[in-house]
Amino acid sequence: MSSLDKLAIRGIRSFDSNEIAVIQFFTPLTVIVGHNGSGKTTIIECLKYATTGDLPPNTKGGAFVHDPTIAGVSEVKAQVKLRFFNSSKEQMVVERRLQVTKKKTGGGLTMKTLEGVISFVDKEKTKNKRSSLSTKCAELDEEVPKQLGVSKAILENVIFCHQEESNWPLSEPAALKKKFDDIFEATKYTKALDQIKTLRKEQAVEIKVDKEKLNALKVDRDRAIKLRQNINQQEARIQAKEADHETLDGEIQKLADDNRRFYAQATKYAEIINSAKTYETQQKILADAIANMLPVMRELPGESDHELTRKIEGHVEDIAEKKRLRESLNMQVMDERDRLDKLEKKRGVGLTSQGTLLALKQRYEENLVNRQTLIQEISTRHSISGFDHDLTKEEIDEFINKLESAVNEHTRKIEEIKSEGRKVVDEKQSAIQNIKVTKAADERAKSSTSDQIKSSKAQIAEINRKLDISTTSIADISYHESILSEEKNRRTELEENIRKSNVSEQLRVKGLESRALEEKRDNLHAELTSLNTQADVRAKLGLKKTELKRKDEAIQSLVDAHSATYRKYVKREPVRAEMEAEGC
């Protein structure tokens, strides 16, 4: 627990400015006894000034400092020095200085605050030398109550309360409440409650927005999961088809090789058979010819060997001509084989085109299923009945038209709500501005009244000070008493006007109205957030429609590109609806 040790005073009120008066405080009680005007109240005022930095009431003009006129000098320097033990039982010293100077003209006084310092003895670092904590007045006013372990409000209103302000428990309810709030630090609690309420409102709004975002993200997540599953299934099917395709390609290549080999063998075998049959036929023909010719053959006379040789050579030329003809026929056979190979290649290209068309057809069917699922989800979400079955093209067009109509209607409603919200916000802002203007006017009136009260108090204090130091006549005293009475009456009238104006109640009512307007604005903001979410859903639907249109155009371009192949194999014109029906 903290405690006071010594107080040194110089140049304060009746204390001489050339000597220092020291007061020792004892435990557990110190009683101060003295005649009127001896300085008992000044000791309490000095304690209050040393600990809080606040001057006593009605001392703004230099009345707190020893009068230079009485001292016979033009300048008086005052000093208040307090030694105390803080809540940690450490010895500390706080020192404050003042200076009062007589004005050269007018005979008034000018007071200013000089340096102030709070110091302590650091036994460990500086070997019992004093160290300064702060020399700034603002920090000094905060540091001394902190070291004493007592709030400034308790020091001012309870411990070192001035006798002129000791009747504050009997003051008006508003002033009394403010005093108690300062003493018990209720203002911090009230501000904390207001901050908690504000944060709670903001968090509630953020939670609503986050919930909407969470719902949208859940829908997107479910859709992404479905799409990922479909993609995995399609990839598995594609891999299986690719494996089957590779297997079939291998089998086709093997069969083609076997076919070419068998064809070559068959061709050779046929050539051999044909050659054998030809030779057998020739043999039979020659044998029959010889048999037929032998009975009638006779040796031709007159033919020499030379002529026979010439005939044999002509026969050889006939044989060469036959060989050339045979080679020409073989060339034709090779050309036919090349043409057959080309036809086989065209057949392979056709099979590949057929596989591509089948894959496109499958993808198109999946797009149709996804479109059907999306339409059912949208119709269920937005309560559009009649679209929970397999839909025809006319029903799909009807759904799209209904959806576009609903989108346009919601857009129009959103614009109307936004327009109404802007009007309401403008009206509320105008009302709030009017309230602020009224509040500012009331504050200015209150400030003006307070200034008048302070001025009156200062005049009264000046009169009291002059009464304390003057030796005027009874007539002057009566005159000043009349002035004092008038000022007191004026002060009473001003206090009565303040009570009648009831500024605090008006401010409270205006604050309630402002909070009601803020709550309405928060509700409008939440509604606008919901409408923005619906607009996001409609934008996604528009993207899906654009994607569907693009895919339809791609399918149509593929159909147009392969229409000739389709006509070649199917023997009719390609019709998209019939192709889908056949695929199903």
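Q: Within what separation do two cysteine sulfur atoms make a disulfide, and how many disulfides does the structure hold?
A: A disulfide is a pair of cysteine sulfur atoms within 2.5 Å. This is a predicted model, in which local features need pLDDT of at least 70 and side-chain atom pairs count only at pLDDT 80 or more, while totals for chains, interfaces and linings use all residues. Residues are numbered from 1 along each chain as its sequence is written, and side-chain values use heavy atoms, without hydrogens and water. The number of disulfides in the structure is zero.

Q: Is Cys46 buried or exposed?
A: Buried means under 20% relative accessible area, exposed over 50%, and partly exposed in between, using a 1.4 Å probe and protein chains only. Cys46 has 0% relative accessibility, so Cys46 counts as buried.

Q: Which residue's side chain makes a polar contact of 3.0 Å with the side chain of Asn86?
A: Asn86 is found in the loop between β3 (75-85) and β4 (91-102); strands are DSSP runs of E, at least two residues, and helices of H or I, at least four, numbered from the N terminus. A polar contact is a pair of N or O atoms within 3.5 Å; within protein, one must be able to donate a hydrogen and the other to accept it, and residues adjacent in sequence count only if both atoms are side-chain atoms. The partner at 3.0 Å is Gln147.
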